[in-house]
Structures are given as structure tokens and as C-alpha cells.
Amino acid sequence: MATKVAVVTGSNKGIGYAIVRGLCKRFDGVVYLTARDVERGKKAVEELNKEGLKPEFYQLDVTDKKSLESFRDHIKSKYEGIDILVNNAAIAFKKSATEPASVQAEQTLFVNYFSLVSTCDVLFPLLKNGARVVNVSSSMGHLSLIPSKDLRDKLKDEKLTIPELTKLMQQYVDAAKEGTHAAEWGNSSYAVSKVGVSALSNIQQRILNSKDIKVNSVHPGYVDTDMSSHTGPLTVDQGAAAPLFLALDADDTVRGKYVWYTKEIVDWDGVKPEEKY
């Protein structure tokens with residue numbers, strides 16, 4: 001019987017690390033902890049080994065196509081494909097960041113959106129029938145965060161393609177460079193990047209419907225991590241709960257959805273729920 005494979009990007013710490021931990025405890029197969037930094041990745045694996053958990057480590061930089069292709073070739077050489085793909089790798093500038101909006105926009109969108117598209121381009125051909133993809137979004141990935149109704153209508157259009165979405169994301173970066181982004185897009189590059197993740201997930205599901213592959217986006221909650229400057233009230237394991245639900249437990253009908261940290265399906269283009277901790 002073919003070995004099952006789960007992959008979590010950006011998983012040497014925080015929510016990604018907790019997702020790997022949860023998969024190691026419950027998933028009947030090989031779990032890959034991936035990270036850009038080899039030392040940090042190996043140290044994370046050692047910590048999990050102390051708990052009796054045995055993830056595999058692979059150095060993976062989602063911003064580098066050659067790194068993605070190397071990982072793809074590694075998986076292809078050893079296994080029949082991927083059963084679970086959790087796209088968790090992301091960055092966020094702090095509120096106190098002094099970099100100009102143009103720099104924040106370019107770097108945030110490059111990692112959180114454009115590199116996610118590249119990751120999926122390279123790894124999606126390895127997805128087995130029945131595979132599950134979890135794209136880690138955010139409460140900031142709710143469509144209501146985009147001020148312009150015209151843009152909201154474009155982003156939720158059921159005929160929107162990935163190239164068209166990518167073009168919209170690039171338009172935001174260009175507008176930020178010109179200082180003309182705020183009225184239509186708002187002032188948060190992180191929000192735009194995560195709205196892009198949520199919109200991308202919807203399109204990917206439409207494309208993959210015929211293959212019984214489930215793609216969902218998830219808001220993991222406001223979690224105590226480096227990214228939140230440790231201000232979030234939830235633990236990393238609580239933040240991993242909804243992603244793990246989608247990876248392992250969700251009904252087969254849950255596809256192309258935006259899921260809240262409570263495991264509830266939320267109307268992505270409706271009213272944004274309150275955070276209740």
C-alpha cells in the first residue's frame with residue numbers, strides 16, 4: 001500500500017510547527033516539516049522527536065522556484081504523491097515597521113501570495129485523488145477588508161482566473177509604489193495578501209473539482225506567535241486546530257470554503273464574524 005504524505009510549509013515554529021505536531025500524532029503516513037533555515041528546521045524536528053514524534057525534514061524556500069522543484073523531485077522519487085498540503089509559510093510586517101508602504105507591499109505579496117501561487121504550480125501536479133489542501137489565511141483575509149466595492153466584486157467573481165487574480169494583486173503592489181492604494185485597497189499589505197490567499201483557494205477548488213481534491217482557506221485565530229509579537233490569546237496548538245480539522249476531519253462537502261478558527265464555515269464575502277476568545 002502506498003505511503004501517505006503530508007507537507008507543511010514554513011513549519012519550524014508557530015502555527016506551522018503545531019500543525020506538524022498534530023499531523024504526526026494522527027496522520028497515518030509521513031509528515032514533512034519544511035523550513036527555509038536548515039538549522040531551525042532540524043532543531044524543530046529534534047524538539048518533536050523528544051515527544052516521540054518523527055517528522056521528516058526538508059529544506060524548502062517557497063520564494064525560490066529551484067527549491068520548490070528540488071522538493072517536488074524528492075517527493076516524486078520516494079512516493080506516489082501528496083495527500084495533505086498545508087500552505088502555511090507567510091510573513092507580516094510589525095505595526096511599528098518603518099519600511100515604506102511600497103516595500104511592505106512588494107515583500108508581503110511576494111511571499112504570501114505570489115510564492116503561494118508558485119508553490120501550488122509546482123506541487124499541485126503531485127496531489128493524489130482525494131488530497132486535501134489547506135491554505136492558511138487570516139481574519140484579515142475576509143473580503144470585507146477591501147474598501148472598494150468594484151474590487152470586491154472582481155475578487156468574488158466566479159469566473160475569475162488565477163492569472164486575473166495575480167494581475168489584481170500586482171495592481172495593488174504598483175498602486176502602493178505610487179502611493180495611490182489606500183482608497184481602493186486599504187492600508188494593510190497583509191490584509192490584501194490574505195484576501196488574495198482566500199480568493200485563490202476558491203479558484204483552485206473550482207479548477208480541481210473534477211479530481212476530488214479539496215481546497216480550503218482557514219483563519220487559524222489570533223495566536224501567540226512571533227508574527228503576532230506574542231500578543232495573540234490562543235496557543236499555537238489552538239491555532240492548529242482548524243487547519244488540522246480541514247486536513248483530517250472535515251466532511252468531503254467542505255471544499256472551496258473559508259473556515260474560522262472555531263471550525264465554522266464563514267461567508268467570505270458576507271459579514272466578518274467577531275473574534276470570540
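**Pocket, cavities and helix contacts**

The second largest pocket has a lining of 20 residues, and Glu 158, Asn 202, Arg 206, Gly 256 and Lys 257 lie nearest its centre. The model is a predicted one, in which local features need pLDDT of at least 70 and side-chain atom pairs count only at pLDDT 80 or more, while totals for chains, interfaces and linings use all residues. Residues are numbered from 1 along each chain as its sequence is written, and side-chain values use heavy atoms, with hydrogens and water left out.

The space in the second largest pocket amounts to about 390 Å³. Pockets and cavities are found on a 1 Å grid over the protein atoms alone: a cavity is a set of points where a 1.4 Å probe fits but cannot get out, a pocket is an open set with protein on both sides within 12 Å along at least five of seven lines, and lining residues have an atom within 4 Å of a point. Grid points are joined across faces, edges and corners, and a volume is the space filled by probe spheres set on the points. Helix H5 (149-156), helix H8 (189-208) and strand S8 (265-266) each supply at least two lining residues of this pocket; helices (H or I, at least four residues) and strands (E, at least two) are DSSP runs, numbered from the N terminus. H8 gives the most, with five residues. By class, the lining has eight nonpolar, four polar and eight charged residues, where Ala, Val, Leu, Ile, Met, Phe, Trp, Tyr, Cys and Pro count as nonpolar, Asp, Glu, Lys and Arg as charged, and the others, Gly among them, as polar.

H5 also packs against another helix. The axes of H5 and helix H6 (residues 162-178) come within 10 Å and cross at roughly 150 degrees; axes are lines fitted to C-alpha atoms, for helices over the stretch in contact, and angles run from 0 to 180 degrees between N-to-C directions. H5 and H6 are therefore roughly antiparallel to each other, since angles under 35 degrees count as roughly parallel, over 145 as roughly antiparallel, 65 to 115 as roughly perpendicular and the rest as oblique. In this contact (heavy atoms within 4.5 Å), Leu 151, Lys 154 and Leu 155 of H5 meet Leu 165, Leu 168 and Met 169 of H6. These residues comprise five nonpolar, no polar and one charged.

Tyr 17, Val 20 and Arg 21 in H1 meet Ala 44, Glu 47 and Leu 48 in H2, a contact with four nonpolar, no polar and two charged residues.

The structure also holds two cavities of 30 Å³ or more. The largest cavity contains about 110 Å³ of space. Its lining has 14 residues, of which Asn 87, Asn 88, Ala 89, Asn 112 and Leu 116 lie nearest the centre. Helix H4 (101-123), strand S5 (127-136) and H8 give two or more residues each to this lining, with H4 giving the most, five residues. Six nonpolar, seven polar and one charged residues make up the lining of the largest cavity.

The second largest cavity has a volume of about 40 Å³. Among the residues that line the second largest cavity are Arg 132, Val 133, Val 134, Lys 214 and Asn 216. S5 provides the largest share of this lining, three residues.
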